[in-house]
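Hello,

Here is the structure I promised to send over. Please have a look at it first, and then read on for my notes.

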Amino acid sequence: MPEAQAFAQAYTLTHYKTPQVSFTLSTETTDVILFTGRNFAIITAHNPRSEMFSQEENDKRHQVLQNHLQEKKYEVEPSTGESPDGSWREEGFVIFDIELATALDMGQRFEQHAILYGQGNRVALAWCESKKLDWFHPKLLSDKLEQKI
C-alpha cells in the first residue's frame, strides 16, 4: 500500500470532469454538493495499478467496465480524470447510488489503487486494497456551474 499512497498527491490534484460538473479535491470546506447529494463513485479501468497501458488496451478495459455497468443496470455518466497541465487523462464513469463496498470491489476488480466516492458535500479518495477513506470537499473548476448540481 505505501506505493499506492505515493499516488495520493496526483489523485488529489486531478481534475474530475463529468457532463454536469468539473471539480477537484480540497481540504477546505466548501458549500458544493455534487449530483444533488446522491452517493456516487468515479471509477476508471485505465492504467491498472498506475502502470501506463496503450490507448488500445485502455479502450478495451474501458469497454469491459462499461459492459459490466450496463449488465448491473447502474445509472452512469461518462467522466474523465485529467492532470492539471493536461499531460495525462483517463476515461471512466460516474456511477450513481452505488454502495461504498460495491464501488471498492469494482475498483479492485479493475486493478485500481483508488476510486472516488462521494456523499453530499464530501468526496473520499477511497483506497481499494485497504478500504481506507481520505475525505475531502469538492471544489468547482468552473464558475459558470451552479454550486448545487
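A search of the whole structure finds 10 salt bridges, where a salt bridge is a side-chain nitrogen of Lys or Arg within 4 Å of a carboxyl oxygen of Asp or Glu. Before the details, some housekeeping: this is a predicted model, in which local features need pLDDT of at least 70 and side-chain atom pairs count only at pLDDT 80 or more, while totals for chains, interfaces and linings use all residues. Residues are numbered from 1 along each chain as its sequence is written, and side-chain values use heavy atoms, with hydrogens and water left out.

**The barrel**

In this model 8 strands close into a barrel, in the order β1-β2-β8-β7-β6-β3-β5-β4, with antiparallel pairing. From one strand to the next, the twist averages 30°. Strands and helices here are DSSP runs numbered from the N terminus (strands are E, at least two residues; helices are H or I, at least four), and two strands pair if DSSP finds at least two bridges between them. Strand β1 (residues 15-17) and strand β4 (residues 76-82) run antiparallel and are joined by 3 bridges. Lys17 stands opposite Thr80 in β4. Lys17 also belongs to a network of salt bridges with Glu82, Arg89 and Glu91.

**The helices on the strands**

Helix α3 lies across β3, β4 and β5, and runs at about 5° to β5. Helix α4 lies across β3, β5, β6, β7 and β8, at about 160° to β6. For these angles, axes are lines fitted to C-alpha atoms (for helices over the stretch in contact), and the values run from 0 to 180 degrees between N-to-C directions.

Which residues of α4 are buried? In this helix (residues 100-109) they are Ala103, Leu104, Met106 and Gly107. Seen down the axis of α4, these residues fall within an arc of 160°, so they line one face of the helix; the arc is that of the directions from the helix axis to the C-beta atoms. On the other side of α4, Ala101 and Arg109 are exposed. Buried means under 20% relative accessible area and exposed over 50%, with partly exposed in between (1.4 Å probe, protein chains only). The cover over the buried residues includes β3 (40-44), α3 (55-71), β5 (89-96), β6 (114-119) and β7 (122-127), with contact meaning heavy atoms within 4.5 Å.

- Asp97 forms a salt bridge with Arg38, with the closest N and O atoms 2.6 Å apart. This pair links distant parts of the chain, 59 residues apart: Asp97 is in the loop between β5 and α4, and Arg38 in the loop between β2 (22-26) and β3. Asp97 is partly exposed at 47% relative accessible area, and Arg38 is partly exposed at 25%.
- Glu111, which follows α4 and has a positive phi near 60°, meets Arg49 in a salt bridge (2.7 Å, N to O). Glu111 sits in the loop between α4 and β6 and Arg49 in the loop between β3 and α3, 62 residues apart.
- Asp105 forms a salt bridge with Lys131, the closest N and O atoms being 3.7 Å apart. Asp105 is in helix α4 and Lys131 in the loop between β7 and β8 (133-140), 26 residues apart. Both count as partly exposed, Asp105 at 44% relative accessibility and Lys131 at 36%.

Best wishes, and happy browsing!
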